[in-house]
Every structure is written in structure tokens, then in C-alpha cells.
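The sequence and the structure are shown first.

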Amino acid sequence: MELAAAAALGKFIGAGIAAIGAGIAAVGVGNVAANYLAGALRNPSAAASQTATLFIGLAFAEALGIFAFLVALLLMFAA
Amino acid sequence: MAEETGLVFHPMDQFIVKPLFGDGPVMWYTPTNATLWMLLAVACVVALFVLGTRGRAVIPTRLQSVAEVFYGFIYKMVEDVTGHDGVKYFPWIMTLFLFIFFSNMLALIPMSFSPTSQIAVTAVLGFGVFFAVTIIGFVKNGTHFLGLFWMKDAPMFLRPIIAVIEVISYFVRPVSHSIRLAGNITAGHAVIKVFAAFAGVALIAPASILAITAIYALEVLVAVIQAYVFTILTCVYLKDALHPGH
């Protein structure tokens with residue numbers, strides 16, 4: 001009985017720890033956007049041609065945060 | 001009094017696939033709410049493009065100019081990313097973009113269902129892109145396509161290590177491609193529902209409703225950006241298949 005309670009508690013603790021990953025991915029996404037903006041302000045004429053690259057970079061950085069979110073969801077609702 | 005402070009409804013309830021008629025078990029042929037909203041998305045695409053461009057007017061009507069903006073935007077993206085020989089895959093990429101765009105947008109209607117929040121739906125799209133791109137790569141380049149994994153510019157002793165990493169990253173592509181879309185849409189809709197639950201508590205209701213408004217606006221942006229990101233990544237993968245050398 002205590003084991004079941006500990007497992008139920010551990011699920012939510014694990015989900016909380018997994019959510020840290022989503023926060024760290026936010027740092028990565030911010031880093032991509034910040035560096036794009038810094039580059040764009042130095043050379044505005046080249047900025048428009050790089051928006052596609054910006055979105056690809058944002059998507060890759062964000063995907064890992066979404067994976068962390070997915071792990072949290074799996075722990076809470078599927079495990 | 002505020003005796004009911006817990007969640008009245010569960011934020012993940014909106015993603016449950018239910019049969020449209022009755023409540024029997026969901027089989028592969030059962031018309032469900034997912035089927036309905038996917039059909040509505042297709043109906044919107046058909047309405048915009050078949051009805052909108054039917055006049056073929058030189059001076060476009062409002063609907064026709066919307067259709068032309070979509071067409072021009074995706075066409076330019078395909079041409080910029082994949083180069084001139086990728087343009088013949090434009091209809092496929094346009095179809096993907098429009099389906100995802102309209103599924104995401106219709107899902108923002110309150111009480112609607114979002115097909116793109118189901119990993120089953122996005123996995124079909126993601127793995128479809130993966131298999132199509134792999135087959136195109138082998139048909140176009142033969143075994144030269146494997147050069148994608150064997151970096152000729154790298155030092156000799158690093159090449160096997162890079163090859164292993166490249167193969168892993170190649171096979172993770174369809175997974176991340178599909179989970180990115182489903183995860184973004186699921187997360188956004190769940191957040192809206194969480195704040196909607198707080199709106200039942202009188203003390204924080206105004207702040208909660210303001211937050212819902214702000215997050216809803218963010219979700220409109222996310223819906224467009226995720227459709228765009230899915231499409232542009234398809235273009236990038238297609239470019240890799242067409243020109244594996246660089």
C-alpha cells in the first residue's frame with residue numbers, strides 16, 4: 001500500500017522534474033531569437049533572407065522542450 | 001461560497017476522441033469528432049481554393065486574393081529552400097500546409113476539437129514525409145543518397161562517428177517532426193483550459209479572463225507558425241533528398 005502511494009507521488013515529482021526541461025528549452029529559444037535580432041540589427045539588409053533559418057532554429061530548439069512536456073504528460077496520464 | 005475550488009473539468013478532456021453518434025467503442029471506421037474536424041478543415045481548403053479561384057479574374061475578388069497570397073507564399077518558400085527542381089513537389093507541400101493550417105485554425109473555435117493535437121494524425125503526416133523523402137532521395141540519387149551520412153569534408157577518423165550521429169538524427173526526424181506539431185497544439189489548448197478553470201473563482205476571474213485572451217492571441221500565432229514550421233522542415237528534408245552532397 002505504501003509502495004503504491006510512493007509510486008503515485010513519484011509520478012508527479014517526475015513530471016515536475018521533466019517540466020524543468022521545458023524551461024531550459026525556453027532559454028534556448030530565447031537565445032536563437034536574441035542572436036537573430038542582434039545579427040539583424042547589425043546587418044538589416046540580410047535579415048529578411050534569414051527568417052526561414054530563424055524559424056527552423058526556433059523549431060529545433062523548441063522541439064526538445066516539447067519532448068520534456070511530453071514526458072511530463074506521459075508520467076501524469078499514461079504511466 | 002467557494003467550496004468548489006478544484007478543477008470543474010479536466011484540462012485534457014478536450015483531446016478525447018469520441019464517436020459522433022452514440023457512445024460505442026471507437027473502431028477504425030467510426031466517425032468521430034476528429035473525423036468531423038478534419039473533414040471541416042478539408043472543406044475550408046476546398047471552399048477557399050475551388051470557390052475562391054473559380055472566377056480566375058484578372059482583378060481578384062477578396063477570396064481569390066487570399067488564395068493567391070497562400071499560393072505565392074508557399075511557392076516562394078519551396079523555391080527558396082529546395083531550389084528549382086523541388087518545385088514539382090510544390091502541390092504536395094501546399095496540401096500539407098493547408099491541411100495543418102486549417103486544422104490548427106478551426107481548433108481555435110471554442111468547443112471544437114483539434115485533430116493536430118492527436119499524435120496519430122501528426123505521425124501519419126510526419127512519417128509520410130519521412131518515407132516519401134527517403135524514397136525520393138534513393139530514386140533521384142541512387143546509392144549516392146547515402147553520402148548524406150558520410151561527410152566528405154570531415155577528417156577520416158571522425159567520419160564513422162559523424163555517420164552514426166547523422167543516421168540517428170535522420171531517424172529521429174519523423175518523430176520530432178510529428179511530436180513538435182502535436183505537442184505545441186496540445187500544450188497551448190491545455191493552458192487555455194487551465195486558465196478557464198481559474199475563471200470560476202470570483203477573486204481571480206478578471207485576471208484569468210485577461211490571461212485567456214492573451215494566450216488565445218498567442219495560440220493564433222502558434223497555429224500559423226507551427227503550420228509554417230512543419231512545411232518548411234518538409235522543404236528542408238526534401239532539399240536533403242534532392243541534393244545530398246551539400
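A nonpolar core is taken here as a set of buried Ala, Val, Leu, Ile, Met, Phe, Trp, Tyr and Cys residues joined through C-beta atoms within 7 Å. A residue counts as buried if 20 or more other C-beta atoms lie within 10 Å of its own, and as exposed if there are 12 or fewer. The model is predicted.

**Core**

By that definition, the largest nonpolar core holds 46 residues. Those with the most contacts inside this core are A41(B), F97(B), L98(B), I100(B), F102(B) and C235(B). Elements of both chains give two or more residues to the core: α3 (51–78) of chain A, and α1 (33–51), α2 (62–82), α3 (90–106), α4 (119–141), α5 (159–198) and α6 (205–242) of chain B. The largest share, 10 residues, is that of α6(B). Leaving aside residues up to four places away in sequence, I100(B) touches T116(B), L181(B), A227(B) and F230(B).

**Chain B**

Chain B has 6 helices and 0 strands. Along the principal axes, the C-alpha trace of chain B spans about 75 × 55 × 40 Å. Of the 246 residues in chain B, 26% are buried. Among contacts in chain B with a separation of 6 or more, 64% are between residues 24 or more positions apart.

**Helix α1 of chain B**

The 19 residues of α1(B) should span 27 Å at 1.5 Å a residue, and this agrees with the 26 Å between the end C-alpha atoms. In α1(B), the buried residues are A34(B), W37(B), M38(B), A41(B) and V45(B). Viewed down the helix axis, these buried residues fall within an arc of 105°, so they line one face of α1(B). An α-helix has 3.6 residues a turn, so residues three or four places apart point the same way. The cover over the buried residues of α1(B) includes α3 of chain B. On the other side of α1(B), the exposed residues are L39(B), A43(B), V46(B), A47(B), V50(B) and L51(B).

**Chain A and its contact with chain B**

In chain A, 11 residues are in contact with 14 residues of chain B. The side of chain A that touches chain B has 10 nonpolar, no polar and 1 charged residues.

For chain A, an unreviewed UniProt entry annotates residues 12–34 and 54–78 as "transmembrane region". UniProt also lists residues 13–75 of chain A as "domain: V-ATPase proteolipid subunit C-like", again from an unreviewed entry.

| Span of chain A | Helix | Strand | Distance between end C-alpha atoms |
|---|---|---|---|
| Residues 12–34 | 100% helix | 0% strand | 33 Å |
| Residues 54–78 | 100% helix | 0% strand | 34 Å |
| Residues 13–75 | 94% helix | 0% strand | 9 Å |

With 7 other C-beta atoms within 10 Å, R56(B) is exposed.

M111(B) is found in the loop between α3 and α4 of chain B. The phi of M111(B) is near 70°, also a positive value in a residue other than glycine. M111(B) has 5 other C-beta atoms within 10 Å and is therefore exposed.

Technical notes. Residues are numbered from 1 along each chain as its sequence is written. Chains are lettered from A and ligands numbered from 1 in the order in which they are written. This is a predicted model: local features need pLDDT of at least 70, side-chain atom pairs count only at pLDDT 80 or more; totals for chains, interfaces and linings use all residues. Helices (H or I, at least four residues) and strands (E, at least two) are DSSP runs, numbered from the N terminus. Two residues are in contact if their C-beta atoms, placed from the backbone, lie within 7 Å. The expected span of a helix is 1.5 Å times one less than its number of residues. The arc is that of the directions from the helix axis to the C-beta atoms. UniProt positions are given in the numbering used here, feature names are shortened, and annotations may be inferred rather than shown by experiment. Ala, Val, Leu, Ile, Met, Phe, Trp, Tyr, Cys and Pro count as nonpolar, Asp, Glu, Lys and Arg as charged, and the others, Gly among them, as polar.
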